[in-house]
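Hi,

Here is the structure I said I would pass on. Have a look at it first, and then read on for what turned up.

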Amino acid sequence: MSETARLILENQEIELPVITGTENEKALDISKLRASTGYITLDPGFKNTGSTQSAITFLDGEKGILRYRGYAIEELAENASFLEVAYLLIYGELPNTDELEYFTNSITHHTLLHENMKRFFDAFPIGAHPMGMLSSMISSLSTFYPESQEQNRSVTDIERTIHRIIAKLPTLAAQAYKHNKGLPIMYPKNELSYEGNFLHMMFGVPTEKYDVNPIVEKALNKLLILHADHEQNCSTATVRVVGSSQANLYSSISAGIAALWGPLHGGANQAVIEMLEQIKNDGGDLDKWINKAKDKTDSFRLMGFGHRVYKNFDPRATIIKKAADEVLEALGVEDPILNIAKQLEAVALSDEYFVQRGLYPNVDFYSGIIYRALGIPTDMFTVMFALGRLPGWIGQWKEMIEHSAPIGRPRQVYIGTTSRPFVPLNKR
Ligand code: CMC
């Protein structure tokens, strides 16, 4: 017998089906509540609202568990390649050798951009934020590949769009960086790995040979995997909602990139480094900044701390903290910001305010430190997050299409003025 919950509303008893996930997560199905009672549920920020059933990512915020398609993030980060993880997220299973070879080959051969796109870049001001450029450029890809918008697109069209977007995002990201700095662009090199090719396009210059540093390549692989999916976060929910109107994948991903940019979401990695710099330049008085973060009359927050779902620890932060130590040591980089970050973490974690609210370092607290060590400039950090999150967005978009999800359209409780007569201009 299926489980139900009983709700008493205005002396009427309503039965609500209980949905149980494979990890025993429970949900009340309220989808028919309004039709039978006239009531909606109100949950600003969707803090307690499930928008979908999904088989992609499981996370348990209390226990600090994160799994993609059942595989622990720790194992994937240690053993897999980013393209393997991308395949897993999008298609549901780890690829075998032939599948991975086909996938990698297809992505490697779609990395070039239409030459006309150079003119878009030329029109952006020097110093333009790479996230603004990235979001616009991804959206513009739909104009070069109009079949992505066709409603009767075939599985092959969808497949090609998916491969194109994974292939072209690193090229666009590197070109956005080059444009920001006023440097000549570098074309992709097919013999390099996905990460190596990105590094070549970012750091290579036409006049010199660029050798990919394997330590940097490996670190980048790990960082991309750690960011690859995180179930229904702000940008992923955005991708799903935009895609639910049957907008094409390029436009949906462009919207996701825009959502990621904000400092409360992916933009936190840039904000963390700016905050740590500020603390250092201000003399490094940690107590002062902790007190500011606790002061409700002060808008300052400890960036890189807190998470909507993780309330004990963020497993990605644990892996990244260790990786930060390893990468800095391997590259021989000494960064005073790392020491400030560690001290700040120690002070915050012993402070009642942070402990009581379950505020712990999140994925973005240490990722910026590794990006700095790899030579990636601060305003490219959120672009790096977008590169990692792309397969997650795609996997979630694909799942939504395959489930024939209805258009995303929340309701509201209206609190404005009730009906009143129009007042002509000369009488106002
Ligand atoms: N510094 C100080 N106080 C904080 C912080 C912080 N970083 N984060 C939350 N709080 C307090 C908040 O003021 C509130 O206190 P009270 O109960 O007294 O009103 C309480 O903790 C709960 O916070 P909330 O804002 O209601 O929690 P939320 O789930 O809506 O927000 C968050 C989650 C991540 C937006 C928030 O913790 C935050 O702003 N953190 C800093 C930005 C950041 O690092 N974002 C990256 C998130 S991880 C990457 C990603 O996946 O996007």
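One cut-off before the details: a residue is called buried under 20% relative accessible area, exposed over 50%, and partly exposed in between. By that rule Arg69, at 22% relative accessibility, counts as partly exposed. Keep in mind throughout that this is a predicted model.

Arg69 is also one to check for its backbone. Its phi is near 50 degrees, which is a positive value in a residue other than glycine. You will find Arg69 in the loop between β5 (65–68) and β6 (71–72). Glu231 is another such case: phi is positive there too, at about 40 degrees, although Glu231 is not a glycine. Glu231 sits in the loop between α9 (214–226) and α10 (234–244). With a relative accessible area of 24%, Glu231 is partly exposed.

Now the domains. The chain is divided into domain 1 (4–65) and domain 2 (67–262). Their C-alpha centres lie 34 Å apart, and the contact takes 10 residues from domain 1 and nine residues from domain 2.

If you want a pair to look up, Ile19 has Ala27 in β3 as its bridge partner.

On to helix packing. Helix α6 (residues 130–144) and helix α11 (residues 249–261) pack with their axes 7 Å apart, at an angle of about 170 degrees. Since angles over 145 count as roughly antiparallel, α6 is roughly antiparallel to α11. On the α6 side, the residues making the contact include Met131, Leu134, Ile138 and Leu141; on the α11 side, Tyr250, Ile253, Ile257 and Trp261 are among them. What is the make-up of the contact of α6 with α11 by class? There are 10 nonpolar residues, six polar ones and no charged ones.

Helix α8 (residues 194–203) is worth a look as well. Nine of its 10 residues are buried, so α8 is largely enclosed by the rest of the structure. The buried ones are Tyr194, Glu195, Gly196, Asn197, Phe198, Leu199, His200, Met201 and Met202. What covers them? The cover includes α3 (82–91), α4 (97–108), α7 (155–181), α9 and α18 (381–402).

Last, Ala293, which lies in helix α13 (residues 286–294). Is Ala293 buried or exposed? Its relative accessible area is 10%, so Ala293 is buried. Leaving out residues up to four places away in sequence, Ala293 touches Phe300, Arg301, Leu302, Tyr353 and Phe354. Between the C-alpha atoms of Ala293 and Asn152 there are 52 Å, with the two residues 141 apart along the chain.

That is what I have for now. Over to you!

Notes:
Residues numbered from 1 in each chain as written. Predicted model: local features only at pLDDT ≥ 70, side-chain atom pairs only at ≥ 80, totals over all residues. Heavy atoms only, no water. Pairing = 2+ DSSP bridges. Helix = DSSP H or I, 4+ residues; strand = E, 2+ residues; numbered from the N terminus. Buried < 20%, exposed > 50% of the residue type's maximum accessible area, 1.4 Å probe, protein only. Contact = heavy atoms within 4.5 Å. Axes fitted to C-alpha atoms, helices over the stretch in contact; angles between N-to-C directions. Parallel < 35°, antiparallel > 145°, perpendicular 65-115°, else oblique. Nonpolar A, V, L, I, M, F, W, Y, C, P; charged D, E, K, R; others polar. Domains from an automatic or database assignment.
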